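Hello,

Here is the structure I promised to pass on. Please have a look at it first, and then read my notes below.

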Amino acid sequence: MSYQSFRSLPVYRKALELCQMSREIASYVSFNKDLLKLYKSNSLRDIIADSLLTDTILIPQKIAQAESSSSLSERMKSATYINIMIRNINSYCTGLEKDGVREKEYLNLLREEIRSFRRSFKEWRKSLSDDEGGSWG
């Protein structure tokens with residue numbers, strides 16, 4: 001499946017939106033404004049922001065991996081991994097709040113984006129096991 005084909009999937013587009021919002025929030029809340037070097041920071045906030053970015057970047061990759069696989073077991077593994085990352089992202093929001101991020105409305109926007117993504121994800125996940133008719137048929 002080509003990149004353009006992935007972009008036609010609603011769940012993939014939602015994952016990219018989640019990436020963009022996470023990038024903006026990480027940039028805003030982190031002390032180190034060089035997002036590529038957050039992992040080097042000793043600041044808890046920067047470490048959480050780096051984890052947030054890492055997980056949101058992996059989600060569209062896992063969607064693409066699932067869409068490219070003909071193995072039901074591999075597709076379901078990717079879906080399980082994405083589900084874990086979604087929970088992690090919610091935890092990162094809580095961690096940022098506890099670390100003193102005052103702009104909770106931004107974190108709440110991210111949480112709303114996660115809820116929106118999760119709805120799309122659940123529909124997509126159902127289609128993974130459907131060997132007939134979907135993108136696998």
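A definition to begin with: a residue is called buried under 20% relative accessible area, exposed over 50%, and partly exposed in between. Please also keep in mind that this is a predicted model.

Asn-32 sits in the loop that joins H2 to H3, and its relative accessibility is 24%, so it counts as partly exposed. Setting aside neighbours up to four places away in sequence, Asn-32 is in contact with Lys-37, Leu-38 and Asp-46. Arg-45 is 13 residues from Asn-32 along the sequence, and their C-alpha atoms are 9.5 Å apart.

H2 with H5. The two helices pack at about 160 degrees, with axes 9 Å apart. H2 and H5 are therefore roughly antiparallel, since an angle over 145 degrees is counted that way. H2 passes H5 in a left-handed crossing. On the H2 side the contact is made by Pro-10, Val-11, Lys-14, Ala-15, Glu-17, Leu-18, Met-21, Ser-22, Ile-25 and Tyr-28. On the H5 side the residues are Tyr-106, Leu-107, Leu-109, Leu-110, Glu-113, Ile-114, Ser-116, Phe-117, Ser-120, Phe-121 and Trp-124. Sorted by class, the contact of H2 with H5 holds 15 nonpolar, three polar and three charged residues.

H3 with H5. Here the angle is about 20 degrees and the axes are 12 Å apart. H3 and H5 are therefore roughly parallel to each other, and their crossing is left-handed. H3 contributes Leu-52, Ile-59, Ile-63, Ala-66 and Glu-67, while H5 contributes Leu-110, Phe-117, Trp-124 and Leu-128. By class, the contact of H3 with H5 has eight nonpolar residues, no polar ones and one charged.

H4 with H5. The residues of the contact of H4 with H5 divide into 15 nonpolar, four polar and seven charged.

Turning to H4 itself, it has 27 residues and reaches 39 Å from its first C-alpha to its last, close to the 39 Å expected at 1.5 Å a residue. Buried in H4 are Arg-75, Ser-78, Ala-79, Ile-82, Met-85, Ile-86, Ile-89, Tyr-92, Cys-93 and Leu-96. These buried residues pack against H2, H3 and H5. After H4 comes Gly-100, which has a positive phi, near 105 degrees. Thr-80, also in H4, counts as partly exposed at 47% relative accessibility. Between Thr-80 and Leu-96 there are 25 Å in space, C-alpha to C-alpha, for a separation of 16 residues in sequence.

Is Thr-56 buried or exposed? Thr-56 lies in helix H3, and at 1% relative accessibility it counts as buried. Not counting residues up to four places away in sequence, Thr-56 touches Leu-18, Cys-19, Ser-22 and Ile-89.

Arg-125 belongs to helix H5 and is partly exposed, with a relative accessible area of 28%. Neighbours within four places in sequence aside, Arg-125 is in contact with Met-76, Ala-79 and Asn-83. The C-alpha atom of Arg-125 is 9.4 Å from that of Val-11, although 114 residues separate them along the chain.

Best wishes

Methods:
Residues numbered from 1 in each chain as written. Predicted model: local features only at pLDDT ≥ 70, side-chain atom pairs only at ≥ 80, totals over all residues. Heavy atoms only, no water. Nonpolar A, V, L, I, M, F, W, Y, C, P; charged D, E, K, R; others polar. Helix = DSSP H or I, 4+ residues; strand = E, 2+ residues; numbered from the N terminus. Buried < 20%, exposed > 50% of the residue type's maximum accessible area, 1.4 Å probe, protein only. Contact = heavy atoms within 4.5 Å. Axes fitted to C-alpha atoms, helices over the stretch in contact; angles between N-to-C directions. Parallel < 35°, antiparallel > 145°, perpendicular 65-115°, else oblique. Left-handed = near helix turned anticlockwise from the far one by under 90°. Expected span 1.5 Å × (residues − 1).
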